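Have a look at the fold first, then read on.

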Amino acid sequence: MPDAGTKAISSEAPPGVRDDHRVQVRPEDVAALRRALDEARTAGDSGEVPIGAVVVDASGAVIGVGRNEREATHDPTSHAEVVALRAAGAAVGDWRLEGCTLAVTLEPCPMCAGAAWLARVDRVVFGAWNPDYGAAGSLWDVLRDGRLNHRPEVVAGVLAEECQALLEDFFDDRRSPG
Ligand SMILES: [Zn+2]
């Protein structure tokens with residue numbers, strides 16, 4: 001998640017980054033991102049960096065939602081993805097989220113990419129790219145590391161412009177005087 005200066009957040013893949021997954025976007029991915037965007041807006045409304053996430057099970061049901069709540073919780077790990085994964089695990093009574101999709105408005109950081117991998121989700125769908133510290137293709141590619149025996153499918157750039165605009169507006173508002 002960005003702390004400041006989100007100039008680098010982009011709806012376009014950074015140069016040299018793998019962006020070969022747009023073709024696999026499904027209608028349910030877009031629906032999941034829309035739900036994640038709702039969470040992101042709620043986060044922004046309460047002064048948090050507007051990032052939201054949802055976990056969807058194999059039937060398409062939303063089983064966990066989360067939004068960035070670091071300011072409210074004083075918890076450096078309360079990123080949207082972690083909050084959503086925890087909620088999903090609690091909802092199904094299992095930390096194993098095989099068959100599930102994690103959808104998030106911004107490319108996951110290394111912690112969240114790691115959490116998604118540990119949860120064994122099948123797919124990670126994200127909106128805007130995060131060249132500052134994205135770990136799903138930008139700085140690292142944790143989810144598609146060939147040394148791992150389980151590698152979630154990565155779908156990038158879903159509703160990227162909307163996700164990016166939400167973050168940019170948030171930081172623009174903070175910068176503007178008054
Ligand atoms: Zn994160």
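What follows is a set of numbered points, going from the overall layout to the details.

1. Ground rules. This is a predicted model, where local features need pLDDT of at least 70 and side-chain atom pairs count only at pLDDT 80 or more, while totals for chains, interfaces and linings use all residues. Residues are numbered from 1 along each chain as its sequence is written.

2. The layout. You'll find five helices and five strands in the protein, and reading along the sequence gives α-β-β-α-α-β-α-β-β-α. Helices (H or I, at least four residues) and strands (E, at least two) are DSSP runs, numbered from the N terminus. Of the 178 residues, 46% count as buried; buried here stands for 20 or more other C-beta atoms within 10 Å of a residue's own, exposed for 12 or fewer, and partly exposed for anything in between, with C-beta atoms placed from the backbone. Among contacts with a separation of 6 or more, 64% involve residues 24 or more positions apart; a contact is a pair of residues whose C-beta atoms, placed from the backbone, lie within 7 Å.

3. Five strands make an open sheet in the order 2-1-3-4-5, with mixed pairing. Strand 2 (62-67) and strand 5 (153-155) are the edge strands, each pairing on one side only. On average, neighbouring strands of this sheet are turned by 15° against each other, direction ignored. Helix 3 (residues 80-92) packs on the sheet and touches strand 1 (52-56), strand 2 and strand 3, with its direction at about 150° to that of strand 2. For these angles, axes are lines fitted to C-alpha atoms, for helices over the stretch in contact, and the values run from 0 to 180 degrees between N-to-C directions.

4. Who pairs with whom. Strands of a sheet pair through backbone hydrogen bonds, either parallel or antiparallel; the criterion used here is at least two DSSP bridges between two strands. Strand 1 and strand 2 are antiparallel over five bridges, with V55 opposite G64 and G52 opposite R67. The two strands form a hairpin with five residues between them, and G60 in the turn has a positive phi of about 95°. Strand 1 also runs antiparallel to strand 3, joined by four bridges, and V54 has A103 as its bridge partner there. Strand 4 (residues 123-128) pairs with strand 5 in the parallel sense over three bridges, and R123 stands opposite E153.

5. Strand 1 from both sides. Which way do the residues of strand 1 point? G52, V54 and V56 point one way, A53 and V55 the other, and all are buried. With five of its five residues buried, strand 1 is largely enclosed by the rest of the structure.

6. Helix 1. Just after helix 1, G47 takes a positive phi of about 85°.

7. Helix 5. Buried residues here are A160, C163, Q164, L166, L167 and F170. They fall within an arc of 155° seen down the axis, so they line one face of helix 5. What covers them includes helix 1, strand 3 and strand 4, whereas D169, D172, D173 and R175 are exposed on the other side.

8. The core. The largest nonpolar core has 53 residues, of which L85, L102, A103 and A116 touch the most other members. Such a core is a set of buried Ala, Val, Leu, Ile, Met, Phe, Trp, Tyr and Cys residues joined through C-beta atoms within 7 Å. Among the contacts of L102, leaving aside neighbours within four places in sequence, are A53, V55, L85 and A116.

9. T101 is found in strand 3 (residues 101-106). Why does T101 count as buried? Because T101 has 24 C-beta neighbours inside 10 Å. The C-alpha atoms of T101 and V124 are separated by 5.7 Å, though the two are 23 residues apart along the chain.

Note on methods: Contact = placed C-beta atoms within 7 Å. Arc of directions from axis to C-beta.
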